[in-house]
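Subject: Structure for you to look at

Hi,

Here is the structure I promised to pass on. Please open it and keep it in view while you read my notes below.

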Amino acid sequence: MTISKELFKEKFMDMLTEKYALSVEEASPYDLYTTLATLIRATYAKDWGITRRAYNTTHEKQVYYFSIEFLPGRMMKSNLLNMGWLDTVEASLKDLGIDLEDILEIEPDMALGNGGLGRLASCFMDSIASEGLPGNGNGIRYKYGLFKQKFIDGYQVELPNEWLSRGNTWEVRRDSKAVTVKFNGHAYLKELEDGSLVPIHENPTVVRAIPYDTGMVGYQNGTVNTLRLWDAEIPLEEEINYRSIQQRREIEDLTSVLYPDDSNEAGRRLRLMQEYFFVSAGTQSIIRHFKANGYNLNNIDEYVAIHINDTHPAMCVPEFMRILVDEEQMNWERAWALTIKVMSYTNHTILAEALEKWPVEMLRSVQPRIYQIIEEIDRRFVEQMTGTIDWGIIERTRIISNGIVHMAHLAIIGSHSTNGVAKLHSDLLKNVVLHDFYRLYPSRFNNKTNGIAERRWMQLANPTLSHLLDETIGTSWRFEASDLYLLMNYKDDKKVLHALAKAKQVNKTRLAKFIEKETGVIVNDHAIFDVQIKRLHAYKRQLLNLLHIIKLYLDLKEDPKKKIQPRVFIFGAKAAPSYHYAKAIIKVINELANLINNDESIKDQLKIVFLENYSVSLAEKIIPAADVSEQISLASKEASGTSNMKLMLNGAITLATLDGANIEIRDAVGDDNIVIFGLTEAEVYAYYEQANYRAFEYYESSVELRKVIDALIDGTIPNSSQEGIEIYDSLLKYNDEFFVLRDFADYVAAQEKVAHLYSDQEKWLKMSLINIANAGRFSADDTVKKYAEDIWRIKPNKTPQQVKDETHD
Ligand code: NBG
């Protein structure tokens, strides 16, 4: 799909006239943006159609990736890159007096997710298409996505994120593919004259689900897959039943926000309805599609794989059963065998609060027929297991117990594969968290360490370093990430190391300008850029980072002549709206930033920047400029992490606990090229077993730590006494759930090591180079290939390019 400059310019100007009757000089940046987006979409549309038809004609098996979150970020630059148009478009627009970067900034992030889970789903979409694999995404088209974060007086304030307010050029509404989804009402089995039972669902609320499809453009291979997001509408024939705005709003609310406020019953119920909504719409449309194309449902497992991304889509299991049994009149045993073969499940966390549980009453009232089917699955599970194993195991693994439906149990029992997202995490699932299930189904368990779309995180986000890589090792890494390893040949090459330093400096200076524009804070762009970017959560321990900064500040105040390695601490994080404690941490970081950034005596030695509204596009600005990557979760709690991989790829040195994929990063780069500290997972579990952690003892026995902790409550940090007390209490009164005090001294020592390493620039640059060179193994391209081979059993389809080549021969 290459294009010449002349042809592009002609097409672009024609499109601008067609769309707006404007010339380049008259057009606003927004007009230019939509014009370019329309042209891009029109261009890949042909391959989109070819890809879809190719899947239909070759009858290859396809995967459907169900996820309640997708976080694609901006699409324009990635589409241009993947189409092979990026350089030409940039140069052509320049000829027309337009800076492509200005246009790219117009695009709102598609922010239909919260963090790693949703971003991983989007990295996978990119990689699945780029590997030419037949795969589709299935999710919800939230009108508002995740909230837009603002800081007011240091507090997080949530505003609606109106990403769709000016339309969305990438999506295509497909009215003809709408399906209906039923909620509420009453379900029972009616006995017919011949004695057979038929399921009846009486008085349901019927909602029309409309798909909006977005093309997922593969990297220069002509494959364009589909991300299908569902919106809810009132069915025309039901309009008469929705007379009031209030009634209509209930339907609109279904797809209004990601994560409705779950601190109340209505919010939780809405969330459950969302889950069933996209599960049912997606599953129905898959089966309808294959039936319409003449496939036999009796071997549907040979052409469909459904992936349950975390437990939110776990109702795929009973919904698939419902369609096969109730609608297609398949017998239960056959349908169940097929369901297990079709379904697979990824677990993304061991934190109990994220392993969904729904009260029976709620599930039954939201979808009574689905509840019946879950009950039957549970009944048969118990029946099948009784007598073969300990009753205790059955009790602990069954789907419904004590009035609660356990969604992870449903996903594991109803699928052929359960995987964790890093080696340690998968081991913990097998040995601890899901150990009972592992005993029942050992062969279902496997590991698939996460990966990242390296194209976005290097080629798009870091053109400066990308060019340096091209000059040094050639361009093959752009297609095959493992070729980054060629860089190892230059680990002692002073010229290359120097060029690496220069590239990093360019990115740091750019970020410094951005920081000044956004926050007014002027940072020293020669300081260490120390970065922690991720959701705000106690287990991720932004607090540990904060305590260390307090320590540095107190040191400098105590000894004004003291010189430290200058640092800029950069944070990006959203806290869940009802997560009070996380919000308290944000407030204290912001107040400390205010204090330190305005303290004349500190000068350039220390700055704190908490950038608002952390998002994919913001990450693309921060990551290329990072020197230090903070991955400091309590060992065992971070399932994998993926910002660790993105930062490593961009040459940051990881400062980490042995948690999640940090362990695999250490294995890749070696102990000398990463800074490790803190408790190990085994030590954390030993504390749990012996119940002998006493946070207070650490406070008591260390003068240094005491000073830091006291600073939270003694007025050192202004305007945050309430939050300071809350944090202080979490550490001392409630015994520090995440072992912050236990790891503090270790962390301080590790930070000193970082400062020391940085002072030897040559050594630092060599470490940085080794990190970049070894980042190829975390490419999502490889991760999805493993899912494709081991779990989904799908093969790359012929790309449209191959099809074209063959027909030309
Ligand atoms: C998150 C984990 C991360 C992991 C991502 C992607 C959830 C529930 N889990 O460690 O916390 O990297 O999933 O797998 O969001």
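One term to begin with: a salt bridge is a side-chain nitrogen of Lys or Arg within 4 Å of a carboxyl oxygen of Asp or Glu. Asp-126 and Arg-455 give you an example, with their side chains meeting at 2.8 Å, N to O. Between domain 1 and domain 2 the count is three salt bridges. Bear in mind that this is a predicted model.

Now the two domains. The domain assignment puts 59-74, 109-450 and 788-808 in domain 1. Domain 2 covers 454-778. Their C-alpha centres are 35 Å apart.

How many residues are in contact across the interface? On the domain 1 side there are 43, and they touch 46 residues of domain 2. Together the two domains bury about 3400 Å². Carbon and sulfur atoms account for 55% of that area. Within domain 1, Phe-151, Tyr-219 and Leu-424 lose the most area to domain 2. These three make up 19% of what the domain 1 side buries.

Polar contacts also cross the interface: 18 residue pairs, both partners at pLDDT 80 or more. Which elements of domain 1 supply at least two residues each to the side that touches domain 2? They are β2 (70-73), α6 (116-130), β5 (148-152), β6 (155-159) and α15 (423-433). The largest share comes from α6, with seven residues. By type, this side of domain 1 has 16 nonpolar, 15 polar and twelve charged residues.

Best wishes

Notes: Residues numbered from 1 in each chain as written. Predicted model: local features only at pLDDT ≥ 70, side-chain atom pairs only at ≥ 80, totals over all residues. Heavy atoms only, no water. Domains from an automatic or database assignment. Contact = heavy atoms within 4.5 Å. Buried area = accessible area lost by both parts, 1.4 Å probe. Polar contact = N/O pair within 3.5 Å; in protein donor to acceptor, adjacent residues only side chain to side chain. Helix = DSSP H or I, 4+ residues; strand = E, 2+ residues; numbered from the N terminus. Nonpolar A, V, L, I, M, F, W, Y, C, P; charged D, E, K, R; others polar.
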